[in-house]
Amino acid sequence: MHIVTVAEMRELEAQADRQYGLSSPILMENAGKSAADIFMAHLLPHHSMNGLEVLFLIGPGNNGGDGLVMARHLQEAGAFINLYYWKEQRLRIRDKDIAEPEVAKTLDEAIKSADYIIDSLLGTGRSRPLSEDMRALLKRVQQERKSRAELRIVAIDLPTGLNADTGAVDPGALHADMTITLACPKQGFFFFPGRDYLGDVYIGDIGLPADLERDLPTEMLTTNLVHSLLPERRLNSNKGTFGKVMIFGGSLPYPGSIFLAGSAAARVGAGLITLAVTEQMLPIYASSLHEATFAILPDEQAGSFERAKALIAHLEGYRALLIGPGLGQSPTTREVILQVLEHLRALPEEKRPRLVVDADGLNNLSAMEHWWTLLPENTVITPHPGEMGRLAATKVSGGDISRLDLAREKAKEWKVILALKGACTIIAHPEGQARINLLANPALATAGTGDVLAGMVTGFLAQGVQPFDAASASVYLHVLASTFVSQELGHAGLLASDLLPQIPKAINRAAVNAPSYPD
Ligand SMILES: NC(=O)C1=CN([C@@H]2O[C@H](COP(=O)(O)OP(=O)(O)OC[C@H]3O[C@@H](n4cnc5c(N)ncnc54)[C@H](OP(=O)(O)O)[C@@H]3O)[C@@H](O)[C@H]2O)[C@@H](O)CC1
Ligand SMILES: Nc1ncnc2c1ncn2[C@@H]1O[C@H](COP(=O)(O)OP(=O)(O)O)[C@@H](O)[C@H]1O
Ligand SMILES: [K+]
């Protein structure tokens, strides 16, 4: 499912017309019909279409046109339809025009009695700040929603006042409970503050042929996409089939990180997990991660050469290496990283473990000149905004649109697969493609969840998944796993380790390729 800017959406529509004769009125019919279908499929459980009271706010452009088509379908299905034409200030209550002096009062009554209010005022064609009278109308609707929890606001294509390209919002923008977007999700949905205005997002099919979208550079992570990225689990397999993961990390102030990363790598299905730690750290892990094996490294005093040599000696036969969780930032550690990277760069592609760098791996890198020239090809890096800021020597936004250009630009400049973490994580490929996760869950904003993500990516790499795909699948499944935790705990109080048992369930949700047994 591709993400579009307004210009890309217009181009898609123009091509649909030119190449397939899908004119604007045809697309609008499809849009209104699919919006009606999605609406009816997601009514609140105590609602039925019969006698449902729906107020449509109709705008002057095609977004209003979509609303009118949708209204016709809902009316045919039994709903009572009220239409307010904003530009003309015309009100129709159940097919009757209201005389001018009564409009304001009757509109207010219609707002008060509506079960649903449909926002089809403005969509991708908004070209200037909302006018004061439109803001006043939306404010009235918002106020009603606040005072009546059962009222539902549904935005068609996008909530009026949201900038479809950037996610910026007009002060009058409406908070929807549900957004039914048409054809493709809009780029502004993935950035803040816009993301907070969408409610549940559904995508209406308007009949655009899929091949028109093929060359768009940005994709949304979906279950279907992730399904197609997951490694095969053949019946005739053994632990060697699913690859060995080495994790270099874990130092005294941060013992937990490598446990979380190692467990996550196993939870996505890697065959064997090895933790490269000093003997001093061993008792901590030996008693908590029974399934791991260990590469015992000499301690700091032994010097970087001895430590790097020991790690490199253990790397033979490993398909993926994660550097970073809880690693610390001593000068010796930095030296070890340099030597390991040099070793990896010298290996032929087929013998080289795929590399992921996270956390202190990234902090150590950012202290080195032109650090990106030290990485082997196809390296995945997974910075949070703070780490990204250090790597790029710039301030990085937590959620606004500037993240997308930055991620794209830096993935290209650094020749890495870059997962820029945050509420809607972006995965950028050096050749310009990007994938973005719409799923967000504030429960994940707690220490250690990044270690889990890095471990997942490494575990998928060990199973032969391509780096861009491994990062994409992990980002999606990581948030999906968190939503399973949140079903019980809500949106706070998650421990990073709570995610671990949910990871296989998230994978199972995405993988419809479970073996089928005879009855
Ligand atoms: N084209 C297609 O094939 C398909 C289109 N689709 C649908 O169409 C939508 C895009 O349609 P659109 O381009 O007509 O834009 P839309 O958002 O309705 O608004 C434009 C109107 O609003 C006005 N206006 C602008 N700013 C304003 C403001 N601040 N305050 C007040 N008025 C303002 C502007 O008039 P102006 O005054 O600038 O002349 C113009 O009249 C898209 O989101 C989707 O829902 C889908 O069905 C798929 C097929
Ligand atoms: N609101 C949110 N919605 C979705 N994911 C989030 C949210 N907040 C944090 N995350 C995710 O949680 C993880 C936090 O990682 P990070 O900041 O590196 O934590 P740590 O280093 O403590 O493990 C990242 O994968 C990030 O994308
Ligand atoms: K709208």
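This is a predicted model: local features need pLDDT of at least 70, side-chain atom pairs count only at pLDDT 80 or more; totals for chains, interfaces and linings use all residues.
Which helices each supply at least two residues of the shell around ligand 2? The helices in question are H14, which covers 449-462, and H15. Of the two, H14 gives the largest share of the shell around ligand 2, with 4 residues. In total 19 residues surround ligand 2, and the closest are His-384, Lys-421, Ala-440, Leu-444 and Gly-450. Sorted by class, that shell has 9 nonpolar, 8 polar and 2 charged residues.

Helix H15 runs over residues 467-489, and at 1.5 Å a residue its 23 residues should span 33 Å; the C-alpha atoms at its ends are 32 Å apart, and so the model agrees with the expectation. The helix is mostly covered, with 18 of its 23 residues buried. Just after H15 comes Gly-490, which takes a positive phi of about 85°.

Between H14 and H15 there is a loop, and Gln-463 is found in it. Is Gln-463 buried or exposed? A residue counts as buried once 20 or more other C-beta atoms lie within 10 Å of its own, and Gln-463 has 22 of them within that distance, so it is buried. If we leave aside its neighbours within four places in sequence, Gln-463 is in contact with Pro-231, Phe-242, Gly-243, Gly-269 and Ala-270. By contrast, Ala-440 is 23 residues from Gln-463 in sequence, and the two C-alpha atoms are 27 Å apart in space.

H14 also leads us to the sheet. Here 10 strands form an open sheet with mixed pairing, in the order E9-E18-E17-E16-E15-E14-E13-E10-E11-E12. Its edge strands are E9, at 218-220, and E12, at 293-297, each of which pairs on one side only. H14 packs on this sheet, where it touches E10 (244-248), E13, E14 and E15 (380-381), and its direction makes about 160° with that of E13. Within the sheet, E13 (residues 320-323) and E14 (residues 354-357) run parallel and are joined by 4 bridges, with Leu-321 standing opposite Leu-355 in E14.

At 1.5 Å a residue, the 13 residues of H13 should span 18 Å, and its end C-alpha atoms are 18 Å apart, which agrees. The buried residues of H13 are Arg-403, Leu-404, Leu-406, Ala-407, Arg-408, Lys-410, Ala-411 and Trp-414. An α-helix has 3.6 residues a turn, so residues three or four places apart point the same way. The buried residues of H13 pack against helix H12 (385-392) and against the strands E16 (417-420), E17 (426-428) and E18 (434-436). Just after H13, Lys-415 takes a positive phi of about 55°.

That brings me to the backbone features that deserve a second look. Most residues other than glycine have a negative phi, and most peptide bonds are trans. Ala-359, however, has a positive phi of about 45° although it is not a glycine, and it is found in helix H11, residues 359-366. Because Ala-359 has 24 C-beta neighbours inside 10 Å, it counts as buried. His-370 likewise has a positive phi, near 45°, and its place is in the loop between H11 and E15. His-370 has 7 C-beta neighbours inside 10 Å and therefore counts as exposed. As for the peptide bonds, a cis bond joins Phe-192 and Pro-193, with omega about 5°, and Pro-193 lies in the loop between E7 (178-182) and E8 (200-204).

Finally, let me turn to ligand 1. It is surrounded by 27 residues, the closest being Gly-61, Asn-62, Asn-63, Gly-123 and Gly-125. Helix H2 (24-41) and helix H3 (62-76) each supply at least two residues of that shell. By class, the shell around ligand 1 has 11 nonpolar, 11 polar and 5 charged residues. E1 pairs with strand E2, residues 80-85, in the parallel sense over 6 bridges, and in E2 the bridge partner of Val-54 is Ile-81.

Notes
Residues are numbered from 1 along each chain as its sequence is written. Chains are lettered from A and ligands numbered from 1 in the order in which they are written. The expected span of a helix is 1.5 Å times one less than its number of residues. A residue is buried if 20 or more other C-beta atoms lie within 10 Å of its own, exposed if 12 or fewer, and partly exposed in between; C-beta atoms are placed from the backbone. A residue is near a molecule or strand if its C-beta atom, placed from the backbone, lies within 6 Å of it. Ala, Val, Leu, Ile, Met, Phe, Trp, Tyr, Cys and Pro count as nonpolar, Asp, Glu, Lys and Arg as charged, and the others, Gly among them, as polar. Two strands pair if DSSP finds at least two bridges between them. Two residues are in contact if their C-beta atoms, placed from the backbone, lie within 7 Å. Axes are lines fitted to C-alpha atoms, for helices over the stretch in contact, and angles run from 0 to 180 degrees between N-to-C directions.
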